[in-house]
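Student: I would like to learn how to read a few features of a protein model. Can we take them one at a time?

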Amino acid sequence: MGTARPNPSVGAVIVFNHKIIGEGFTAAYGGNHAEVNAVNSVKDKQLLKEATIYVTLEPCAHFGKTPPCADLLVKHQFKNVVIGCVDSNSLVAGKGIDRLRKAGIQVTVGVLEAECREHHKRFFTVQEQKRPYIILKWAETSDGFIFPELDSVAVNLKSRLLQQKEILGNDEKIQKVQAKPIWISNNISQQLVHKYRSQEQAILVGTNTVIADNPKLNVRTWTGNNPTRIVLDKSLRILKSVHVYDGSVKTIFITGKNISEIKSKESQLPENKENIIFEQIDFTKSVAKQICTVLQKHKIQSVIIEGGAQTLQTFLNENLWDEARVFIGANAFRKGIKAPVLSAKLKTITKIKNDFLKIYTND
């Protein structure tokens, strides 16, 4: 998942006399589309004239990195084309279906449409809502806390110092304190989170999460691409020495500071500073909506929001989210920062060792 971006990850299966004779899926961006790979996998191309091809999304009808798939199906004179759902991209949007029908091919549309739209949910969200597909993710204890009470455990020293900023006088002393991470979920759940990261185009966190944890926000216990890092830093409080400033991955800092003021301090950035981008928004207005505009500008199709509590709540308050993945651990904090409360449709519950994963959808 994710390798075909910005193209949708389409699947295709070719059937002749009730037997599958070919199949394919969209290659990494710039490579063949699903229909081309499926056709190429068929040994005897003469069979295609009597075959049916099933595709999850309407075949394209325009030239991009590759020629139109609709033309390929016409060329091979397929007998039937079965399409899961219509492509809402204005470059296609029924044009592929029309081209097939004009060539005399029987076309059936809307088979398993809901399942196909679910599979292509990131693509459709971008096309139809002009924003990325938004996934909220957090771990909470069995008693509903996302973080323990700051004064209760010694490992929260850095976070406690954040509360005492006026005593210390600046953030630099605070951020240099190394606190140990506090895990709520088990190691298998943590690995699954890295798989999730590999599937989405971007990952977003707030200022306090970076200051408290100094996260890398990359893929380590799974195989796949590292997501683009999105960091909310209204006042540019985060030190340049932390991982998100290392330039290893494209990182977009969303701030309330003037961009020209930021550029005057570029000497403080790492050598590969082309990977570090600053975008300014107005934090007195709808923050989540403005973040979506920034992500749309950078052609980001999906984002997983990993915290903290305030950042998650911002998207919940503005009702700008599509899916929530909530890991519930076995331990309890009794006091602390409460996890967000969802009044949404519970889609699935999965047991992961002694954890539970609940997935909600914002229907």
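Student: How many disulfides does the structure hold?

Tutor: A disulfide is a covalent bond between the sulfur atoms of two cysteines. This is a predicted model, and it holds zero disulfides. Cysteine 60 has its closest cysteine sulfur in cysteine 69, at 3.8 Å, which is too far for a bond. The cut-off for a disulfide is 2.5 Å between the sulfur atoms.

Student: Is cysteine 60 buried or exposed?

Tutor: Cysteine 60 counts as buried because its relative accessibility is 7%; the limit for that label is under 20%. Cysteine 69 is also buried, at 1%.

Student: How many helices and strands are in the chain, and what percentage of its residues count as buried?

Tutor: The chain has 13 helices and 16 strands. Of its 363 residues, 48% count as buried. The chain exposes about 18,200 Å², with carbon and sulfur atoms supplying 50% of that area. Among contacts between residues at least 6 apart in sequence, 70% join residues at least 24 apart.

Student: Which strands pair with β16?

Tutor: Strand β13 (residues 323-328) runs antiparallel to β16 and is joined to it by six bridges. Strand β15 (residues 345-352) also pairs with β16 in the antiparallel sense, over seven bridges. For individual positions, arginine 325 stands opposite isoleucine 359 of β16, and leucine 346 has tyrosine 360 of β16 as its bridge partner. The hairpin of β15 and β16 has two residues between the strands, and lysine 353 there takes a positive phi near 55 degrees.

Student: Why is β16 described as largely enclosed?

Tutor: The label follows from a residue count: five of the seven residues of β16 are buried, so the strand is largely enclosed by the rest of the structure. Phenylalanine 356 is in β16 (residues 355-361), and it counts as partly exposed because its relative accessibility is 36%.

Student: How many salt bridges does the structure hold?

Tutor: Side chains of opposite charge can pair when their charged atoms come close. The structure holds 15 salt bridges. Glutamate 118 takes part in one with lysine 121, at 3.0 Å from N to O. Glutamate 118 is partly exposed, at 34% relative accessible area, whereas lysine 121 is buried, at 13%.

Student: What other salt bridge does glutamate 118 form, and where are the two partners?

Tutor: Glutamate 118 also forms a salt bridge with lysine 347, with the closest N and O atoms 3.0 Å apart. This pair links distant parts of the chain, since glutamate 118 is in helix α4 (residues 113-119) and lysine 347 is in strand β15, 229 residues apart. Lysine 347 counts as partly exposed, at 41% relative accessibility.

Student: What parts of the chain does the salt bridge of aspartate 363 and lysine 345 tie together?

Tutor: The closest N and O atoms of aspartate 363 and lysine 345 are 3.7 Å apart. Aspartate 363 lies in the segment after β16 and lysine 345 in strand β15, so the pair ties together parts that are 18 residues apart in sequence. Aspartate 363 counts as exposed, at 73% relative accessibility, and lysine 345 counts as exposed at 52%.

Student: How many residues of helix α5 are buried?

Tutor: Seven of the nine residues of α5 (residues 121-129) are buried, and the helix is mostly covered. The buried ones include Lys121, Phe123 and Phe124. Just after α5, lysine 130 takes a positive phi of about 55 degrees.

Student: What does serine 185 touch, leaving out residues up to four places away in sequence?

Tutor: Serine 185 touches Gln190, Phe327 and Asp355 on that basis. Serine 185 lies in the loop between α8 (171-175) and α9 (187-199) and counts as buried, at 13% relative accessibility.

How values were computed
Residues are numbered from 1 along each chain as its sequence is written. This is a predicted model: local features need pLDDT of at least 70, side-chain atom pairs count only at pLDDT 80 or more; totals for chains, interfaces and linings use all residues. Side-chain values use heavy atoms; hydrogens and water are left out. Helices (H or I, at least four residues) and strands (E, at least two) are DSSP runs, numbered from the N terminus. Buried means under 20% relative accessible area, exposed over 50%, partly exposed in between (1.4 Å probe, protein chains only). Contact means heavy atoms within 4.5 Å. Two strands pair if DSSP finds at least two bridges between them. Accessible areas come from the Shrake-Rupley method with a 1.4 Å probe; for residues, only the protein chains shown count as cover. A salt bridge is a side-chain nitrogen of Lys or Arg within 4 Å of a carboxyl oxygen of Asp or Glu.
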